[in-house]
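The sequence and the model come first.

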Amino acid sequence: MAVIAGTATAGERQGLLGRLAESPLARLVLRRVLVAIPLLLAVSILTFVLLELIPGDPAQVAAGLDATPEEVENVRRSLGLDRPAPERYLGWLGGFVTGDLGVSNVSRRGVVTMLGERLPVTLELVVLAFVVSLLIAIPAALLAARKPGGIADRAIMVVSMTLLAVPNYVMALLLVLVFAVALRSLPAIGFVPIGEDPVGNLRSVTLPVLALAVPLACFYARFLRGDLVEQMNSADYVETARAKGVGPWRVLWQHAFRNSSFGLLTLVGLNVGGLIGGTVIIEQIFAMPGLGLMMLNGVGSLDVAVVQACVFIFAATAVLANLVVDMMYAVLDPRIRYGHR
Amino acid sequence: MAIVDPSVTGAALTPDVAARGARWARIRRRLVVGVPAAVVGLLLLVCYLGPLVLPLPAPVGGSVLETRLPPGTPGHLLGTDVNGNDVLSRLVYGGRSSLTVAIAVNVIGVVLGGLVGALSGYLGGRADTIIMRALDVLIAFPSLVLTIAIAQILGPSLPNTVLALSAFAVPAIARIARSATLRVTTMPFVQAARLAGSPWWRVLLRHIAPNIVPQMLNFALLGMGIVIVTEGALSFLGLGIPAPAPSWGNMIFEGQQSLSAVPLLVLWPSLALLVTVLAFNMLGENLRDEMSGR
Amino acid sequence: MTATASTGTGPGVRRAARDDVVLSVRDLRVLFSRGGSTVHAVTGLSYELRAGRMLAIIGESGSGKSVGVRALMGLLPPSARVTGSATLAGTELVGLDETTMRGLRGRDIAMVFQDPTRSLNPTMSVGAQITEAIRTQRRTTRHEAEERAVELLKLVRLPAAERRVHEYPHQLSGGMRQRVMIAIALASNPKVLIADEATTALDVTTQAQIMELLVDLQDRLGTAVVLISHDLGLAASYADDVLVMYAGRAVEKAGTSTLFRHVRMPYTKALLGAIPQLGTPAHSMLTVIGGHPPDLAAIPRGCPFRPRCPRATDACVETPPLVEHEPAHAYACWHPVGDGEALAPRSEEER
């Protein structure tokens, strides 16, 4: 028996890889990438145009408020800001394609370097928020769905509904009020790099991560709970499981949740954009040196290269997230993975 | 349990208990839509009619001598802020601004977005693809950045805030309108109308619109909350309603500076935001449940 | 028989001797509270089920046949109120607490559902769903459970069982899926197997195959089977006993040959008459039973079939009880149909 089982799984694995290579999956990825390229191109053009339209003189900003007109002109020339717009854009694009993301008007530092410093911060915030939101949402939804209409369910629904109505910046301020001001247990602002002090790092990101994660968790929990309850009430395989004598928690997890996970996955994927957008304001409130703040400052100081780089990363991530969701569908759903008879 | 006398148990379940259950269900249904609707109504009333009816001091131009007065001070029910302005008055006027923005954005969104989306879905083909691609670009663009950029280009003011927020509401609603239209277009009665030779605008108006409007309205109701919050975010960042005119967002921003000293200055507008968004969300969700028969 | 030995029932399980009564239902009633009204889904249902025999419960939709058996397994929604008695090998099922009931499900009483496509979890392999049943019902190692799963698939005559065990429901045909459902139901060799419209979703050929399988398994394992269906023909071909339900009540009950040869209930007679015959000339009107089944929330007094019955008289305002008027043949009617008698013809609905 074991031999047969072993052969089956190995064969299965091999089959999977083989199928992936020339599979609909690979074609899906390719197709999406091809569509994404013009999309991101359009996004970069839009960014450029918008920045051009914002009133203000980037050379002035770069040179400083108390610079003399000659200094401003010098700066303008050195930054290439005196060239016509299309030329500037194409110059940037050319550099972008070859990996040269340009230089910040304000700090004169390479954008790539800046990204290197600031991307990990935002990444840490986003990843942690993502994980925490699911860690809160899934058990909450399971608990609520276990006895629909019961105390746990109603409490969780009321709390999640209320918290959902709290904007993330208000949530952030409230968290600061409670934990930083009143309890003085967590820092209100500032980021401690993980290399320096792991514990300090975690402490410094706790409040921003919570501010990001809690509204998302509420959203996921509500959706998941609804889906689970619907399945527990009407899905035929749930009835079969019960008829087998399977206990209610296992029915909820093994049968209902496994089928709900697809919907949840889609929702999560669609929300990646929102999660990233949230970092902009959260980083501002908590003074986190991440991409969001970099972009915000860049817009404020008309720092084209900086803004382009940040916008690109944000947009590309949203597109990538959608792609990953579709891919995960293909991997997780046996109906897609093994095809139909 | 041995055999139970059926006449006893039968009676125990009939009319009485069952009817009570039904009555309670009806009451709950009414409450669950009625309460948030009432709250929303009250909010609108207070914010729009309040300044005309209630004896509120001016929301701006407060005296430096009256800063940070606590709630309950005579003449200032909720106290004053760091600039000496009456908090309650700022809340009411701020609510007026925030609500106006939200309503305007949603109206524009539903009308414009609905039109674009419905047309796109109905026409299909090349037009549809082009419009969808354009919308995709707008949607892929980080929304807050788009709004911020537009707000900066146009300059902070109430109408400009409306425009900036519409830039991200219209594509979102257009998408919903399009998918709803696609679903409706395949239905037999629309095919019948087309075959009968009805011009495209009539089909849109008489057949498609009535069928997608409920969904869009529902989205708009839920979107009220989102728009109010985003307007708050804009004002918080200094880009929305320009100071010194109040909006809940910039009140929160100002309050942030004295968070540890006078937390109430942040809490009042936050509470206002919370209640408003909650009421709209509940109204939207429960109306939808009611209409879809749950 | 080797088959019995290899299906390996657990140690210490006593297989009922043939013809022992394994399930005894007496005056089972199920009420639902819905909105403001009470729905009488099942009223006064009584029957006995013996080991190794198949009882067919026949009725239209809404006759209460599915609700009745779900009440036995405790699978009804919380809005249901069940009264009466149902004893499974000595254990009273009505009013049993959920934990004990769960222990019985699958082990002593199991159910096969109508639509195997929707009744199997699409995200779990077929083998996993069988082993889940096995391991829920008794303590075994994963290895043992997997072996037993393959055994069961062979028992239900699923070809290439070792390979199929790892496959997913969507990779199997409808008939194969139903075999898997049967395998799941038989995982612990229950005393009673309920087949709720188990072949309705299958084509005629597959239907016959599955029924043959059920009968064969019944012979080998001694399982008592309750066959729920609307198909009288199915009952005629495979069942030992038939119980006809209408509007939540049992209206006729007899051994299969007795019932079909000596139909008494006008309703049953009408059902038989409504079956299209091969010999009828083309384009003739299908015989239907005029009217429609009563609203279970507002059942009129008296015989529930009265509004549609061509033989109804004023006497029928009084509900006829289900009585064994003839040996081993019970029916609930004041004006039963005699042998060879036709149902009174009628040109329009009688009140």
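## Chain C: size and fold

The model is a predicted one. Along the principal axes, the C-alpha trace of chain C spans about 65 × 50 × 40 Å. Of the 351 residues in this chain, 48% count as buried. When contacts in chain C between residues at least 6 apart in sequence are taken, 67% of them join residues at least 24 apart.

The secondary structure of chain C consists of 12 helices and 12 strands. Four strands make up an open sheet with antiparallel pairing, in the order S2-S1-S4-S5 (chain C). Strand S2 (37–50) and strand S5 (91–92) of chain C are the edge strands, each pairing on one side only. Strand S1 (residues 21–34) and strand S4 (residues 80–88) of chain C run antiparallel and are joined by eight bridges. C:Leu31 has C:Arg81 in S4(C) as its bridge partner.

## Helix packing in chain A

Two packed helices are described by the angle between their axes and the distance between the axes. For helix H6 (residues 111–146) and helix H11 (residues 248–286) of chain A, the axes come within 10 Å and cross at roughly 145 degrees. The crossing of H6(A) and H11(A) is right-handed.

On the H6(A) side the contact includes A:Leu125, A:Val126, A:Phe130 and A:Arg146, among others. On the H11(A) side, the residues they meet include A:Pro248, A:Trp253, A:Phe257 and A:Ile276.

## Contact between chains B and A

The contact takes 29 residues from chain B and 31 residues from chain A. On the side of chain B that touches chain A, the elements that give two or more residues are helix H4 (125–140), helix H5 (143–154), helix H8 (200–236), helix H9 (248–257) and helix H10 (264–291) of chain B.

| Contact | Nonpolar | Polar | Charged |
|---|---|---|---|
| H6(A) with H11(A) | 12 nonpolar residues | two polar residues | one charged residue |
| Side of chain B that touches chain A | 20 nonpolar residues | eight polar residues | one charged residue |

Notes: Residues are numbered from 1 along each chain as its sequence is written. Chains are lettered from A and ligands numbered from 1 in the order in which they are written. This is a predicted model: local features need pLDDT of at least 70, side-chain atom pairs count only at pLDDT 80 or more; totals for chains, interfaces and linings use all residues. Two strands pair if DSSP finds at least two bridges between them. A residue is buried if 20 or more other C-beta atoms lie within 10 Å of its own, exposed if 12 or fewer, and partly exposed in between; C-beta atoms are placed from the backbone. Two residues are in contact if their C-beta atoms, placed from the backbone, lie within 7 Å. Axes are lines fitted to C-alpha atoms, for helices over the stretch in contact, and angles run from 0 to 180 degrees between N-to-C directions. A crossing is left-handed if the near helix is turned anticlockwise from the far one by less than a right angle, and right-handed if clockwise. Ala, Val, Leu, Ile, Met, Phe, Trp, Tyr, Cys and Pro count as nonpolar, Asp, Glu, Lys and Arg as charged, and the others, Gly among them, as polar.
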